[in-house]
Amino acid sequence: MKLLIVVHHRLDLWNVPDWFGERLAREFPSLEIVIRNSYEGIEEHLREAEVIFTLSLRPAQFALAGKLRWLHAPSAAVHQLLFPESIKSDVVITNSREVHGPVVAEHVMALIFALAKKIPQAALMQEKGLWGQQAIAEKSPRLREVAGATLGLIGVGSIGSRVAQMASALGMRVIAVREHPEKGRPGGVEAVFSPLDLDAVLGQSDYVVLAAPLLAKTERLMNAERFTKMKHDGYLINVGRGPQVDEVALEHALREGRIGGAALDVFDQEPLPADSPLWAAPNLLITPHTAGLTDKLWYRHYDLFSDNLRRYLEGQSLRYVVDKLKGY
C-alpha cells in the first residue's frame, strides 16, 4: 500500500520534517511511503496512492488518484479539498482539527487578555521610552477585567469548545452560536443559540470570537450591519477564516469608534498587503496567522495521523472524519 505525503508551504514550519517520514517508516514497515515537498511530477504517485496526506489537491489531480481511499489534511480547514468530484466519491476525508484546536484556543485567550489589558499599547509606549500609565488608563476603550465579561462564541468545534472551557474557568460568562442548538451545550457554555439569533448574541457579548468553518453562509458573516449589533465597546476576535469578516466594514467600524476594537489572525489575502488600511486601523491587533503555530506542531500531527493510520490498517473507523456535505 502506498502512502503519499505531499506538502508545499511558504512557511517552513508547515513543511513536513524529515523525521516524520522516517518515524512512520519504522512504525509501519509494510507501507511504501513517498514524501514530496512539491506537486511537480507526482502524477505517477497519485495513481498508486491509497492514502494521501496533503494540504490541497486539485480536481485534475484527484481524477488521477484511482486507488485513493483516504485523504488527510494537516489543517483544520478542508474547503480546498471539497469539490464535486471528491464530495461524490467514496474517499474519506479527515482533518487535523485536534492538532490545531487546543493551540488556537490558547491564542484566543492571549488575545482576550491583550485587548482587555491593552498590552499592545503598552508595548508601543515601551518602544518609544514613554511611561504611558495615564494615557493607557484614560483612553477609550478602558482597561477592564476579564472575569465577569461575556464571551460570545460563533462556532463550538475544536477551537470554540476549548475556548469555552478556558474562558469559563476564568470566570467569564460564555454563550455560543452553533448550527444545531439541539446538540446541547458544550462544557463551559451557559447558553446556546441558533444562527438566527446571532444578532442577539452580538449585543450581549464583550468579546465575540469567530471560530466557525468557512462555508458559503459564513462568508462575510461579520459585515457592516453586524458591527452595529455589537456593543459599542465590544471586541471582535477572528481565528476562523479571513473571508468571514468584511475587512472594509471592520476598518470603518474601528475608525468611527462603533466597536471597541478587534484582533485578527486570519485575512482575506495573506500575507496582508503592505497597503492594507488594516495596518493603521485604530484598536486593531494583528497576528500573522500564527494562532495554530507551536514548536510541537509536527509531534501533534504525528500522534493524530499515526493513530488514524493504525486504525485504517486494522479496518477500524477513522477519527476526525469530515462531513463532505456540511463542509466540516
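Predicted model: local features only at pLDDT ≥ 70, side-chain atom pairs only at ≥ 80, totals over all residues.
A total of 12 aromatic pairs was identified in the structure. In one of them, the ring centres of Trp19 and Tyr302 are separated by 6.1 Å and the ring planes meet at 50°, so the pair is classed as tilted. Trp19 belongs to helix H1 (residues 18–27), whereas Tyr302 belongs to helix H12 (residues 297–313); the pair therefore ties together parts that lie 283 residues apart in sequence. Tyr302, in contrast, has a relative accessible area of 1% and is buried, because burial requires a value under 20%.

A further aromatic pair is formed by Phe62 and Phe83, with a centre-to-centre distance of 5.6 Å and an angle of 80° between the planes, an edge-to-face arrangement. This pair also links distant parts of the chain: Phe62 is located in helix H3 (residues 59–64), and Phe83 in the loop between strand E4 (70–72) and helix H4 (84–88), at a separation of 21 residues. Phe62 is buried, at 10% relative accessibility, and Phe83 is likewise buried, with a relative accessible area of 10%.

Beyond individual pairs, one aromatic cluster comprises Trp19, Phe20, Phe53, Trp70, Trp298, Tyr299, Tyr302, Phe305 and Tyr312. Both members of the tilted pair, Trp19 and Tyr302, are included in this cluster.

Technical notes. Residues numbered from 1 in each chain as written. Heavy atoms only, no water. Phe/Tyr/Trp six-rings, centres within 6.5 Å; stacked < 30°, edge-to-face > 60°. Helix = DSSP H or I, 4+ residues; strand = E, 2+ residues; numbered from the N terminus. Buried < 20%, exposed > 50% of the residue type's maximum accessible area, 1.4 Å probe, protein only.
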